[in-house]
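Visitor: I am new to this structure. Please show me how to read it.

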Amino acid sequence: MVCYETDDEIVLIDPFLPQDGSFDPHGKTVRVLLTQGAHHRGTAEVVERYGASVWTPPHAVWRKIPNPATTDELPAGIEALELDGEPQQVVFFIPEHATLVTGDVLTGRDGVMHVFVDEADREPLLASLERIAELPIERVIVPHCETPIFVDGAARIRAAVAEAGQS
């Protein structure tokens, strides 16, 4: 889970609440953003406890549960970037922090970022990631990795795309 806090609200991306009950929004509005449907995991609990609104990728198909979206409005300061060739996922860009938050489209192993193509259409997905790498991205948060924060983000994305293009 990624937590982004502003003066007025707390945004949880792909949430799991801590088992120890330590999450406390201190009366702020709580919002949930999902990078993809499979990451709905702790969403129902966050909605139940904190009355959170939920934003989901606009083109995702929900097979296992009904779409939990309650809003189509993103929080101020966060952009959802759709991925050509992978309509089930989005990545979130937080310009103020030059940070990109991904779901499963980027992974990492041994300190190296990789593109996870899975069921995506490879060429359009790689082209989307190349365009995203043109943004001023300093950090990329990758959930499925022993070290989930990559610095020099745009360069790391370009390297991952180049590696995937050779596969």
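The talk below goes through the sheet, a helix and one histidine.

Guide: This is a predicted model, where local features need pLDDT of at least 70, side-chain atom pairs count only at pLDDT 80 or more, and totals for chains, interfaces and linings use all residues. Residues are numbered from 1 along each chain as its sequence is written, and side-chain values use heavy atoms, leaving out hydrogens and water.

Visitor: In what order do the strands form the sheet?

Guide: Strands of a sheet pair through backbone hydrogen bonds, either parallel or antiparallel. Strands (E, at least two residues) and helices (H or I, at least four) are DSSP runs, numbered from the N terminus. Two strands pair if DSSP finds at least two bridges between them. Here four strands make an open sheet, β1-β2-β3-β4, with mixed pairing. β1 (2-5) and β4 (53-55) are the edge strands.

Visitor: How do β3 and β4 pair?

Guide: In the parallel sense, over three bridges. Arg31 stands opposite Ser53 in β4.

Visitor: Where does helix α1 lie?

Guide: Axes are lines fitted to C-alpha atoms, for helices over the stretch in contact; angles run from 0 to 180 degrees between N-to-C directions. Helix α1 (residues 43-50) lies across β2, β3 and β4, at about 165° to β3.

Visitor: Why is His40 called partly exposed?

Guide: Buried means under 20% relative accessible area, exposed over 50%, and partly exposed in between (1.4 Å probe, protein chains only). His40 is partly exposed because its relative accessible area is 26%. His40 sits in the loop between β3 and α1.

Visitor: Which residues does His40 touch?

Guide: Contact means heavy atoms within 4.5 Å. Not counting residues up to four places away in sequence, His40 touches Leu34, Trp62 and Ile65.
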